[in-house]
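Open the model in your viewer and keep the sequence panel beside it.

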Amino acid sequence: MKAIFDQPSFYGIPLDTLKEILKENGHKPFNADQIYSWVYEKLVFDVDGWTNISKDLKSFLTSKFSFELPKVVWNGHSKDGTRKFLVGMRDSKTVETVMIPAKNNRKTLCISSQVGCAIGCTFCHTGTMGLTRHLEAGEIVGQFLAVTKWLKENVSDEERLSNIVYMGQGEPLHNFEHVKNATKVFLEPKGLGLGQRRVTLSTSGLVPQIEKLDDFPPINIAISLHAAHNKIRSELMPINKAYDLTRLLDAIKKIPLKAHRYITYEYLLIEKYNDRAEDIEALIDLLPKKVSKVNLIPFNEYPESSFKRPSVTRINWFKDQLEKGGITCTIRTTKGADILAACGQLKSEMDKKLNLWEEENFTSPT
Ligand code: SF4
């Protein structure tokens with residue numbers, strides 16, 4: 001895995017790897033369990049607070065890894081409870097992370113996997129940025145830890161994040177190895193212990209990486225489909241020119257799925273563009289019925305967007321027709337639109353704040 005910083009972040013090291021590193025360097029592998037407990041259960045990020053770890057081991061760890069957490073540099077709070085965070089990394093780069101509340105006290109964190117994105121979907125604000133760099137695994141886990149710490153300090157001790165979706169900035173499978181290691185840390189029972197069903201990775205359809213998913217922890221997979229015709233999908237997502245719907249669906253069929261698990265297809269509904277009867281017919285023909293769920297996402301308009309959101313009647317009609325065709329279907333409720341945290345709205349409104357923060361804080365990046 002390509003190193004992004006000379007001193008990698010500790011928070012991207014899976015437990016097994018940490019045990020190997022300790023063993024190779026003359027330390028006891030069982031110390032790894034104790035260290036994991038300090039960091040991920042007790043949330044003690046300063047090694048000086050680890051009372052049962054020797055000075056020798058602490059100095060080995062701090063010489064090898066950075067324990068610096070990403071910083072919450074700005075936060076916004078929507079009236080529906082959604083919170084948006086701008087999270088700053090060690091080299092001054094920032095990403096957006098969004099916490100979305102749901103029923104039963106669930107709190108989902110929508111995390112970023114890259115600074116910017118190379119995929120260039122035409123409906124997406126982030127897509128206009130281009131790719132600046134991948135996030136290292138520790139920066140991906142770091143978003144979760146930084147927001148957890150912020151909630152504890154600023155809202156309540158009881159606030160806990162329960163779910164993760166890789167739906168923030170970036171194409172997670174473009175950053176395969178770092179996202180894989182971060183996912184191992186999220187799932188580790190002796191660490192954050194999120195169950196497999198609580199972590200969802202959303203991809204635009206990078207076929208070669210989808211074909212490698214048997215070498216990835218078994219989490220939920222969501223595909224950003226958005227169209228059932230190649231012409232429309234290529235207009236929305238240039239990646240479709242490289243990997244069209246036939247290649248994409250062939251690759252998806254090979255994803256190892258446990259019993260009663262689904263592939264979710266995200267479908268951005270845009271007025272008079274992909275919300276027509278012929279789109280419904282094509283979707284019904286395209287998707288394997290028993291293992292597919294469609295999540296309809298009514299388009300969130302932003303100031304310069306040329307696309308429009310369909311009416312509520314049209315959205316409900318589209319859903320009903322799909323269900324009549326045997327496809328399980330849900331409509332995603334829009335959250336956080338008032339703070340531009342809704343899907344496809346990440347970026348740019350905050351650019352001025354970000355630039356200012358970066359200039360003030362990182363005149364000499366590491
Ligand atoms: S929708 Fe996702 S994959 Fe497409 S440009 Fe935006 S961040 Fe990248």
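Helices (H or I, at least four residues) and strands (E, at least two) are DSSP runs, numbered from the N terminus. With that numbering, asparagine 104 falls in the loop between β3 (94-101) and β4. Bear in mind throughout that this is a predicted model.

**Stop 1**

Select asparagine 104. Its phi is positive, about 55°, although the residue is not a glycine. Is asparagine 104 buried or exposed? Asparagine 104 is exposed, because its relative accessible area is 74% and the exposed class begins over 50%.

**Stop 2**

Colour the two faces separately. Arg83, Phe85 and Val87 lie on one side, and Lys84, Leu86 and Gly88 on the other. Both faces are covered.

β1 and β2 run antiparallel and are joined by six bridges. Look for lysine 71, which stands opposite glycine 88 in β2. The hairpin of β1 and β2 has five residues between the strands. Within this hairpin, glycine 81 takes a positive phi near 100°.

Next, bring in β3. β2 and β3 also pair in the antiparallel sense, over six bridges. Phenylalanine 85 faces threonine 97 in β3. The hairpin of β2 and β3 has five residues between its strands. Pick serine 92 in that turn: its phi is positive, about 85°.

**Stop 3**

Select strand β7, residues 163-166. Which residues point which way here? Asn163 and Val165 point one way, Ile164 and Tyr166 the other, and all are buried.

Show strand β4 (residues 107-110) next. β4 and β7 pair in the parallel sense over three bridges. Leucine 109 has isoleucine 164 of β7 as its bridge partner.

Then show strand β8 (residues 199-203). The pairing of β7 and β8 is parallel, over three bridges. Isoleucine 164 stands opposite valine 199 in β8.

Glutamine 169 counts as buried because its relative accessibility is 3%. Draw a distance from the C-alpha of glutamine 169 to that of threonine 333. The two residues are 164 apart along the chain, and their C-alpha atoms are separated by 20 Å.

Move on to lysine 184, in helix α5. Lysine 184 counts as partly exposed, because its relative accessibility is 36%. Where does proline 14 sit relative to lysine 184? The pair is 170 residues apart in sequence and 5.9 Å apart in space, C-alpha to C-alpha.

**Stop 1: the second largest pocket**

Helices α1 (15-24), α4 (137-154) and α5 (176-187) each supply at least two lining residues. By type, the lining divides into ten nonpolar, six polar and two charged residues.

Centre on methionine 1, in the segment before α1. Methionine 1 counts as exposed because its relative accessibility is 57%. Tyrosine 262 is 261 residues away from methionine 1 in sequence and 30 Å away in space, C-alpha to C-alpha.

**Stop 2: the ligand**

Show the ligand and the residues around it: Cys117, Ile119, Gly120, Cys121, Phe123, Cys124, Gly127, Gly170 and Ser204. How many residues of this shell are nonpolar, polar and charged? Five are nonpolar, four are polar and none is charged.

**Stop 6**

Select histidine 226, in the loop between β9 (220-224) and α7 (230-236). Its phi is near 70°, a positive value in a residue other than glycine. Histidine 226 counts as buried, because its relative accessibility is 4%.

**Stop 3: β11 and β12**

Finish with strands β11 (residues 292-298) and β12 (residues 328-331). They run parallel, joined by four bridges. Lysine 293 stands opposite threonine 328 in β12.

How values were computed: Residues numbered from 1 in each chain as written. Predicted model: local features only at pLDDT ≥ 70, side-chain atom pairs only at ≥ 80, totals over all residues. Heavy atoms only, no water. Nonpolar A, V, L, I, M, F, W, Y, C, P; charged D, E, K, R; others polar. Pairing = 2+ DSSP bridges. Near = heavy atom within 4 Å. Buried < 20%, exposed > 50% of the residue type's maximum accessible area, 1.4 Å probe, protein only.
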